[in-house]
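I set out below what I looked up in this structure. The entries follow the order in which I worked.

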Amino acid sequence: MTTILAIESSCDETSAAVCRNGNILSNIIATQKIHEQYGGVVPELASRAHMQNIVPVVDAALKQAGCTMEDVDGIAFTQAPGLIGALLVGTEFAKSLALALGKPLISVHHMQAHVLANLIDTPRPSFPFLCLTVSGGHTQIVLCRSENDMEVLGQTIDDAAGEAFDKTAKLLALPYPGGPLVDKYAKQGNAVYKFPEPQIPGLNFSFSGLKTSILYFLQNAGTANVYKAELAVDEGTRRKFVADNLANICASVQHRIVSILLNKLKKAAAQTGIKDICIAGGVSANSGLRNAFKETGDQLGWNTFIPRFEYCTDNAAMIAITGYYKYLNGDFEKMDVVPSARAEWTIKN
Ligand code: KG4
Ligand code: ZN
């Protein structure tokens, strides 16, 4: 029997989970509410909140799993990427536990874990599979040959898909994080406004042009050429336009973000000939993306997989399942490991 305790602290969620033989026994997530009033995550406040949350969250995860520290065979933690101060809290806590218990330490890449969240529940994708990982910080298409062999085939060259949602919400004066609200209003509207699709070569993505065209579109209250900022209308007219057309604006933006994502995913599937296709990350909670992904999959004969909602957004269960496979592989970390904010990765053992 192999029991892994995992800790995730890369951004604004303090999470701990216990996994036994690949089954998740607990997944406790403390979401930091303090950032809402600032309209985005404040790194210093995130680190402090992790310091306050980590002991109770780990205790709760062990308790819910019916385990004690003595039952744990390995300690997994998120080593990269993320906010460096936030990662430091989880890393040092995991190292302390591993030292005190004399158990192996297992470092996990957050993006590898988002992909492997698809292996938590059944039915599972078969190897090799493709995963579109879409979150607040990342947009990637990953080729996954095995639990320990993954390659990033394409990624964003500027903003992430989640950022495109959150920045749109900010322009529409919706509170942070706005992605779920854009989703909510989009359900009540139609994609009547046509935002441009960027022409980026290969399997890479770009969302910064879309953000600019939304800004100009709103500055022009949808009445003029969406690319020309100098035609800007007054603030009152702009606000009235947004209030009167919120649902259609959200539906139009969401439609474009989803089409950008799925067009690249279709291209990756055609290039590799792979039919088992997953999505992962916080944006995979988006109803427009989920529906369009399933529809596309049905049309193209894909086997589609989406993790359960609590395994889509940041969580330690995905760190635990990844840690479990690394444990089986004997892939342990040294005690002088340091976290890294950097996102670049390819996993091959
Ligand atoms: O994976 P995640 O929880 O954290 C990161 O690693 O970034 O993803 C958070 C992102 C945010 O940008 C949030 O607005 C977006 O996921 N998100 C959504 C939805 N739910 C979460 N975006 C669009 N529609 C949603 N329903
Ligand atoms: Zn994430």
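**Aromatic pairs**

I counted 9 aromatic pairs, taking rings of Phe, Tyr and Trp (its six-membered ring) as paired if their centres lie within 6.5 Å. Planes under 30 degrees apart count as stacked, over 60 as edge-to-face and the rest as tilted. I looked up the pair of phenylalanine 127 and phenylalanine 129: the ring centres are 5.5 Å apart and the planes stand at 20 degrees, so the pair is stacked. Phenylalanine 127 is partly exposed, at a relative accessible area of 32%, whereas phenylalanine 129 is buried, at 0%. For these words I used under 20% relative accessible area as buried, over 50% as exposed and partly exposed in between, with a 1.4 Å probe and protein chains only. I also noted one aromatic cluster, formed by Tyr193, Phe195, Phe217 and Phe241.

**Basis of the entries**

I worked from a predicted model, in which local features need pLDDT of at least 70 and side-chain atom pairs count only at pLDDT 80 or more, while totals for chains, interfaces and linings use all residues. Residues are numbered from 1 along each chain as its sequence is written, chains are lettered from A and ligands numbered from 1 in the order in which they are written, and side-chain values use heavy atoms, with hydrogens and water left out.

**Cis peptide bonds**

I found the peptide bond from phenylalanine 127 to proline 128 to be cis, with omega near -5 degrees. Proline 128 sits in the loop between H3 and strand S6 (129–134); helices (H or I, at least four residues) and strands (E, at least two) are DSSP runs, numbered from the N terminus. A cis peptide bond also joins tyrosine 176 and proline 177, where omega is about -10 degrees. I placed proline 177 in the loop between H4 and H5.

**Positive phi**

The loop between H4 and H5 also holds alanine 173. Alanine 173 is not a glycine, yet I read a positive phi of about 60 degrees for it. Alanine 173 is exposed, with a relative accessible area of 69%. Asparagine 21, likewise not a glycine, has a positive phi of about 50 degrees. Asparagine 21 belongs to the loop between strand S2 (13–20) and S3 and is partly exposed, at 37%.

**Domains**

I took the two domains from the assignment, whose bounds come from an automatic or database source: domain 1 (3–115 + 311–328) and domain 2 (126–306). Their C-alpha centres lie 28 Å apart. Contact, meaning heavy atoms within 4.5 Å, joins 13 residues of domain 1 with 18 residues of domain 2.

**Largest pocket**

I then turned to pockets. On a 1 Å grid over the protein atoms alone, a pocket is an open set of points where a 1.4 Å probe fits, with protein on both sides within 12 Å along at least five of seven lines; lining residues have an atom within 4 Å of a point. Points are joined across faces, edges and corners, and a volume is the space filled by probe spheres set on the points.

The largest pocket has a volume of about 1400 Å³. Of its 48 lining residues, Asp12, Gly136, Asp166, Tyr176 and Pro177 are the closest to the centre. Two or more lining residues come from each of strand S3 (23–31), helix H3 (110–116), helix H4 (161–171), helix H5 (179–186) and helix H9 (309–312). H4 supplies the largest share, 7 residues.

Why does the largest pocket lie between domain 1 and domain 2? I noted that both domains give residues to its lining, so the pocket lies between them.

By class, I recorded 18 nonpolar, 19 polar and 11 charged residues in this lining. Here Ala, Val, Leu, Ile, Met, Phe, Trp, Tyr, Cys and Pro count as nonpolar, Asp, Glu, Lys and Arg as charged, and the others, Gly among them, as polar.

**Second largest pocket**

The second largest pocket holds about 270 Å³ of space. It is lined by 17 residues, of which Gln254, His255, Val258, Gly288 and Ala292 are the closest to its centre. H5, helix H7 (235–272) and helix H8 (287–300) each give two or more residues to this lining, and H7 gives the most, with 8 residues. I recorded 6 nonpolar, 8 polar and 3 charged residues in the lining of the second largest pocket.
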